[in-house]
Amino acid sequence: MAEPTDARSRNVIALTTAKQMRALAHPLRMQVLGELRVNGPRTVGALSEIFDEAPGTLSYHLGKLAEFGFVEEAPGHSTDRRERWWRSAHDATNLQAPCANAPAAERHASAAVRHQIVDVYSATLHRAIDAAEELPREWADAAVSSDAFAFLTPAELAEASAELSAVAEKWYDRGTRGRAGTEPVQIIVHAFRRP
């Protein structure tokens with residue numbers, strides 16, 4: 001499939017170590033990282049107001065995120081020496097399920113971060129439901145929540161997963177920040193064998 005001519009280059013960090021996964025598997029850290037990715041650089045003070053957390057707590061968690069390469073300082077935004085701005089170091093995170101013979105620490109850390117991701121998605125979906133009646137009608141009508149059951153082979157599931165990921169990437173490429181009439185939209189894709 002040809003890339004659109006206006007496609008953005010996506011900067012992705014891969015989670016490859018148990019320490020890195022455990023660092024991200026904290027609910028506040030994951031939310032802070034998401035905030036910085038969606039809304040851009042913020043100060044500790046601004047993040048403190050958004051998440052109703054003490055500045056010291058946020059500074060600690062930002063330090064942990066920085067230690068593992070998730071965020072970085074954004075000094076170009078500072079208006080004085082006391083302000084400390086932070087930005088996401090990447091557009092997205094890639095987490096592959098560990099192989100069956102991976103060390104136990106890696107398997108457990110991977111499960112912890114994946115559970116946290118699902119918890120953040122769930123909270124985001126609950127907020128979207130609560131906010132829907134306040135949205136302009138065209139935004140509420142354009143949203144969708146659906147699922148489907150299919151009986152597939154592993155190869156077919158892999159094909160379906162790739163197609164769904166390609167749809168999300170297509171809209172990521174098109175959705176540049178700052179275009180007239182745009183707002184942040186989150187596309188969540190899950191495809192898995194039912195337990």
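1. Contact here means heavy atoms within 4.5 Å. Helices (H or I, at least four residues) and strands (E, at least two) are DSSP runs, numbered from the N terminus. The model is a predicted one, in which local features need pLDDT of at least 70, side-chain atom pairs count only at pLDDT 80 or more, and totals for chains, interfaces and linings use all residues. Residues are numbered from 1 along each chain as its sequence is written, and side-chain values use heavy atoms, with hydrogens and water left out.

2. Helix α4 (55-67) consists of 13 residues and reaches 18 Å from its first C-alpha to its last, close to the 18 Å expected at 1.5 Å a residue. That expected span is 1.5 Å times one less than the number of residues.

3. Which residues of α4 are buried? They are L58, H61, L62 and L65, where buried means under 20% relative accessible area, exposed over 50%, and partly exposed in between (1.4 Å probe, protein chains only). These four cover an arc of only 105° around the axis, which puts them on the same side of α4; the arc is that of the directions from the helix axis to the C-beta atoms. An α-helix has 3.6 residues a turn, so residues three or four places apart point the same way. On the face of α4 turned away from the buried side are the exposed residues G56 and E67.

4. The buried residues of α4 pack against α1 (18-24), α2 (27-39), α3, β3 (71-73) and β4 (85-88). For L62, leaving aside its neighbours within four places in sequence, the contacts are V32, L36, V44, L47, V71 and W86.

5. L62 also belongs to the largest nonpolar core, which has 23 residues. Such a core is a set of buried Ala, Val, Leu, Ile, Met, Phe, Trp, Tyr and Cys residues joined through side-chain atoms within 4.5 Å. The members that touch the most others are L24, V32, L62, F70 and V71. At least two residues of this core come from each of α1, α2, α3, α4 and α5 (104-132), and α2 gives the most, with 5 residues.

6. D52, in the loop between α3 (44-51) and α4, has a phi near 55°, a positive value in a residue other than glycine. D52 counts as exposed because its relative accessibility is 70%. G69, which follows α4, also has a positive phi, near 85°.
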